Amino acid sequence: MVTSVPNKVGNYSSTGNGVHKPFFDDITNFLRRFLFRVLSVGPIPTHLAFIMDGNRRYAKKQNLKEGEGHKAGYLALMSLLRYCYELGIKYVTIYAFSIENFKRRPDEVQSLMDLMLEKMEALLMEESIVNQYGIRVCFIGNLRLLSEPVRAAAEKVMKVTSNNSKAMLLVCVAYTASNEIVHAVEGSCKEKEKEFRLCNLNNNVMDDVKEGEKVNGMVVHDIQDFYEDTSVESQGLKQGKGCNGTPYHACESFESNWDQVLTSKASKSGEVSEGFRNLRQEVPLIKLVDIEKHMYMAVAPDPDMLIRSSGESRLSNFLLWQTSNCQLYSPAALWPEIGLSQLVWAILKFQQSHSYLEKKMKQL
Amino acid sequence: MDFSNESRVLHRCSAQVLDIGNLLLLSLWHLVHSIISICNFTLDIANVLESYLISSGLLGRYKSLHIAKLRYLAIVIESEEAYQTSKIIELLQWLEAVGVKHVCLYDKEGILKKSKDFILENLDGAIWFQVLSYWQPSIYAMQDAHENNVLLDQQHMTLEFVSFSDGKEAVAKAANVLFMKYSKSGVTDQNQKEKIFTESQMSEALKTVGSGGPEPDLLLVYGPARCHLGFPAWRIKYTEIVHMGPLKSMNYGSLIKAIYKFTMVRQNYGK
């Protein structure tokens, strides 16, 4: 049975018993490789992200059964991935399933989960694309929201491909950027809390030692000033990353700062400063780097370009944190219709804005 | 020896062939990009003509916009162009003429924040929409009411000024607020794997630190590339992002076209 594939020059033919014309294929392969050689003269993005939008519309347009749109989308994805890795794009991220998509009809959600399970198992086959290009696969998102078989398959794929290092495929399932941010904040809180519990332990031991001069030099008038004055932060933290290596002084300087804060706030009303008083032993100072460390997407650099098919111009809660300096491109083609021409056009657009965006990145 | 001479000649020849090959590729690359630049230039001319037609009211469909659909508009401006306050004031006057009431101005480095007073002075009847930061729970209700009052006000245009520090850095501050709650409530010994915060708690924490403005429906980017340049991530989940080109080439027609296109969009929100 020949599965239908968008008919474009340079597209990989379907896996299966399709009718191959070897000579034609060779010519198109050669032309494509030559095109990639020309493109590679300019900068090639390191990380591309895709929002695979338009599968259902495609199925309607082509009068296909409902699930067929997603299957056609999968084929388009595979050929696109091959082009990306051939071009030398090291990281590719795809938005496979959003947490919002769980709100769809249960049978639709189930068929999508079944499709994902089937394709994950296909990835484990020897002749699959992951082995061909040495791809490490990571599943990004709140995997606990997935059903047990899907989650187990995802973890298996991640484990099996963990040693691959030539390229990386990040598949976002059960993902939204807001969920990712909250998760990162939770992770930082848990980590900080652990750090300061250890710090407290050290402090309790040191209790007998004379409290002595409190190391301070800063006058802090308001909690907000405390945050806005970055020099205060750096002074406090300069003496060591955690409390384990340099226990006494680092914690003491924090405590003294907070004491100053508390005394100045003491005259102002109650509930908040009481909260702070309770934290005398624990000093909260989650920094931006802590949050970034706990992001699901911390395994890869920020994307250089985000491509959303079907022409929509919004991000739909995808990679909101990581796209500060990322160029957004929205070709009008529906996802199953996306092919080589859209990718080439995207790369050319990237090359045009590259020097500007690189400058922006360095300004951070 | 003859043999080594031959291999040296061969080596030099192949290096030269390689050089010629690279030169050919380089020229092809430049050729492709030149063709693209010409195409872009032609498109720009076509856009200018269309904008002129739109501004003069000759194109019927742009005459009546369903402006009520656009509840909150955000504008991202490239920081280097943000110094052109007169252009910004002109843009805001156009928006006022169209009927947009609530605008958020963003530039990465906070240049617009510094020009805030100048902009407000030169824009008749505009109010500064300040998202206050507050540390006392009793003020939560007051702030929400204040926000609703300001946003329902149809008489005056409200302007919010935002910069990079209201984005990622604000999330770090909000994380500290949440951390205080977490430590205070003493759940530290509970199962570490449990989810401790919800998204609405995060939103509340962001409001606490002063970064809790409304989510824009439409974001217009005035700059060389279509990129939101660090606009607060929490607020642009479902925002339509449109690239308008550099500020120096802004025109009324393309603004109308962008707003019109926005009013024609239908979102599923994932369902």
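The largest pocket holds about 1800 Å³ of space in this predicted model. Elements of chain A and chain B both contribute to its lining: β6 and α13 (340–362) of chain A, together with α1 (2–55), β6 (240–245) and α8 (252–263) of chain B, each give two or more residues. The lining comprises 44 residues, and those nearest the centre of the pocket are A:K349, B:N47, B:H243, B:M244 and B:G245. Helix α1(B) supplies the largest share of the lining, with nine residues. By residue class, the lining of the largest pocket is made up of 19 nonpolar, 15 polar and 10 charged residues.

Rolling a probe the size of a water molecule over the atoms shows where empty space is left. The count comes to six cavities of 30 Å³ or more, and the largest cavity contains about 50 Å³ of space. Residues of chain A in the lining of the largest cavity are A:N142, A:R144, A:N179, A:H183, A:E186 and A:Y296, and B:K195 of chain B lines the cavity as well. This lining divides into three charged, three polar and one nonpolar residue.

The architecture of chain B consists of eight helices and six strands. Read from the N terminus, the elements of chain B follow the order α-β-α-β-α-α-β-α-β-α-α-β-β-α. Chain B has 271 residues, of which 46% count as buried. In helix α7 of chain B, which spans residues 199–208, the buried residues are B:M202, B:A205, B:L206, B:K207 and B:T208. Helix α7(B) is followed by B:G210, which has a positive phi near 95 degrees.

Positive phi values also occur in chain A at residues other than glycine. A:N63, with phi of about 55 degrees, is placed in the loop between α2 (55–61) and α3 (68–87) of chain A. The relative accessible area of A:N63 is 71%, so this residue is exposed. A:S310 has a phi near 70 degrees and is located in the loop between β5 (305–308) and β6 (327–329) of chain A. In contrast to the exposed A:N63, A:S310 is buried, because its relative accessible area is 9%.

Another buried position in chain A is A:M168, whose relative accessible area is 5%. A:M168 belongs to strand β4 of chain A, residues 167–175. Although A:M168 and A:H47 are 121 residues apart in sequence, their C-alpha atoms are 9.3 Å apart in space.

On the surface, A:F23, A:I27, A:F30, A:L31 and A:F34 form a nonpolar patch, with about 560 Å² of accessible area together. One of these residues, A:F30, is found in helix α1 of chain A, residues 22–39. A:F30 counts as exposed because its relative accessibility is 57%.

Over all chains, the search of the whole structure finds 29 salt bridges. Within helix α6 of chain A (residues 148–160), A:R151 and A:E148 are three residues apart, about one turn of the helix. The side chains of A:R151 and A:E148 meet in a salt bridge with an N to O distance of 3.1 Å. A:R151 is partly exposed, with a relative accessible area of 22%.

In chain B, B:K237 forms a salt bridge with B:E215, in which the closest N and O atoms are 3.8 Å apart. B:K237 lies in the loop between β5 (218–222) and β6 of chain B, whereas B:E215 lies in the loop between α7 and β5, so the pair ties together parts that are 22 residues apart in sequence.

Salt bridges that share partners join A:D53, A:R57, A:R308, A:E312, A:R314 and B:E240 into one network. A:R57 is partly exposed, with 38% relative accessibility, whereas A:D53 is buried at 16%.

Key:
Residues are numbered from 1 along each chain as its sequence is written. Chains are lettered from A and ligands numbered from 1 in the order in which they are written. This is a predicted model: local features need pLDDT of at least 70, side-chain atom pairs count only at pLDDT 80 or more; totals for chains, interfaces and linings use all residues. Side-chain values use heavy atoms; hydrogens and water are left out. Patches are made of residues with over 30% relative accessible area and no salt bridge: like charges are joined within 9 Å, nonpolar side chains (Val, Leu, Ile, Met, Phe, Trp, Tyr) within 5 Å. Accessible areas come from the Shrake-Rupley method with a 1.4 Å probe; for residues, only the protein chains shown count as cover. A salt bridge is a side-chain nitrogen of Lys or Arg within 4 Å of a carboxyl oxygen of Asp or Glu. Helices (H or I, at least four residues) and strands (E, at least two) are DSSP runs, numbered from the N terminus. Buried means under 20% relative accessible area, exposed over 50%, partly exposed in between (1.4 Å probe, protein chains only). On a 1 Å grid over the protein atoms alone, a cavity is a set of points where a 1.4 Å probe fits but cannot get out, and a pocket is an open set with protein on both sides within 12 Å along at least five of seven lines; lining residues have an atom within 4 Å of a point. Grid points are joined across faces, edges and corners, and a volume is the space filled by probe spheres set on the points. Ala, Val, Leu, Ile, Met, Phe, Trp, Tyr, Cys and Pro count as nonpolar, Asp, Glu, Lys and Arg as charged, and the others, Gly among them, as polar.
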